[in-house]
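This report looks at how one protein chain is held together in its model. Please have the sequence and the structure at hand while reading.

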Amino acid sequence: MKITTIGLDIAKRVFHVVCCNKEGRLLKKKMLKRAEVLAFFHSHPQCLVAIESCATSSYWAREIQGCGHEVKLVPPQHVKAFLVGNKNDYNDALAIAIAARQPHIRSAGIKSVEQQDNQAQHKARALAVGQRTALCNQVRGLVAEYGICIPQGIHTLRKHISIWLEDGNQQLSIQFKALLLQLNEQLHTLDSSIEVYDKAIMQYAKNNAICQRLLSVPGIGPMISSAYFNEVGNGRAYRKGRDVSASLGLVPKQHSSGGKDVLLGISKKGNSYLRCLLVQGAKAVVSRAKSKDDKLSIWINHLVCTRGHNRACVAYANKMARMAWAITVSGEEYSPV
């Protein structure tokens, strides 16, 4: 019988393939080494290839598309429900193939090389920021052992380090000052790295047409616009703006039963990095809305009065995600009414 769907369980070195017909019956299964994967799909007739959306999935999706197949990336949380029997690689591949055939399960978008390049910039920057935070906390902990406690903030720490390193400062020993000098050099190195990443991200946003349109939305800057493009792309994978905000975890969780709707806090699913950026951008807009009288600010101020500052920030972050999708798909810029 004709093979219509292939489930591919990807890994570093060993890949597992299951081939199913249109009724979902398993016809063939095969284990492939990494070097054999593309040769297998080049020699196979065109069909639907299902891959779990995980690390390296976008790369394999692009390569298999180049072999002439249709590729669908299935979110991993939807694959688990179709796993039957003991967990092994063949059963995982079969669950992926079955999940891909379900019309109600939406596929994840396949990232382009451009999106992955810019995403790597964001990941590297986030790593450097985390290392800088850890370094600053380490310095605070070390000087606290000498009876020195300072207020929070990286700028405050930089100012105090220069004071501690002065020759006339007798609070710290010469040996500890030498150690503190090395830590200060590490801090400067991380600052320089973050500055380089910031410039690269800003340059990317400047050269990307979608990012330039997103910059017209209040609260969206180069960092958010480029991170949004990395996640959403051209927006064609989503039917409406609410689907985007739902994928980012900015909509309420539900626990409804018996015809009674019960809405909880936001679900916090999806890309936590982009969700955090959207909320931070929303906070900047909400905090400045009190002195404005345009339609958007009136809506925000009403939310602040009725629901509180934090809920208003999340509500506007939700609205930002929806407006950004509309701008991405329509090709227009934000126009306040």
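Predicted model: local features only at pLDDT ≥ 70, side-chain atom pairs only at ≥ 80, totals over all residues.

**Nonpolar cores**

In soluble globular proteins, nonpolar side chains tend to be buried together. The largest nonpolar core here has 37 residues. Which of its members touch the most other members? They are Tyr-228, Val-244, Leu-278 and Tyr-316. Six helices each supply at least two residues of this core: α7 (174-207), α8 (209-214), α9 (222-232), α11 (272-289), α12 (295-307) and α13 (309-330). The largest share comes from α13, with nine residues. The core also draws on two domains, taking at least three residues from each of domain 2 (113-207) and domain 3 (218-255 + 262-330).

Leaving aside residues up to four places away in sequence, Tyr-228 touches Leu-214, Gly-233, Val-244, Leu-274, Ala-321, Ala-324, Trp-325 and Thr-328.

There is also a second, separate core of 20 residues, and Leu-8, Phe-15, Val-37 and Cys-67 are among them.

**Salt bridges**

Side chains of opposite charge can pair when their charged atoms come close. How many salt bridges does a search of the whole structure find? The search finds eight.

| Pair | Distance between N and O |
|---|---|
| Arg-106 and Asp-243 | 3.2 Å |
| Arg-125 and Asp-198 | 2.4 Å |
| Asp-191 and Arg-158 | 2.9 Å |

The pair of Arg-106 and Asp-243 links distant parts of the chain, 137 residues apart. Arg-106 lies in the loop between α4 (89-100) and α5 (113-144), while Asp-243 belongs to helix α10 (residues 241-247). Is Asp-243 buried or exposed? Asp-243 has a relative accessible area of 9%, and buried means under 20%, so Asp-243 is buried.

Asp-198 is partly exposed, with a relative accessible area of 21%.

Helix α7 also holds Asp-191, whose partner Arg-158 sits in helix α6 (residues 154-164), 33 residues apart in the chain. Asp-191 counts as buried at 16% relative accessibility, whereas Arg-158 counts as partly exposed at 25%.

Technical notes: Residues numbered from 1 in each chain as written. Heavy atoms only, no water. Core = buried A, V, L, I, M, F, W, Y, C linked by side-chain atoms within 4.5 Å. Buried < 20%, exposed > 50% of the residue type's maximum accessible area, 1.4 Å probe, protein only. Helix = DSSP H or I, 4+ residues; strand = E, 2+ residues; numbered from the N terminus. Domains from an automatic or database assignment. Contact = heavy atoms within 4.5 Å. Salt bridge = Lys/Arg side-chain N within 4 Å of Asp/Glu carboxyl O.
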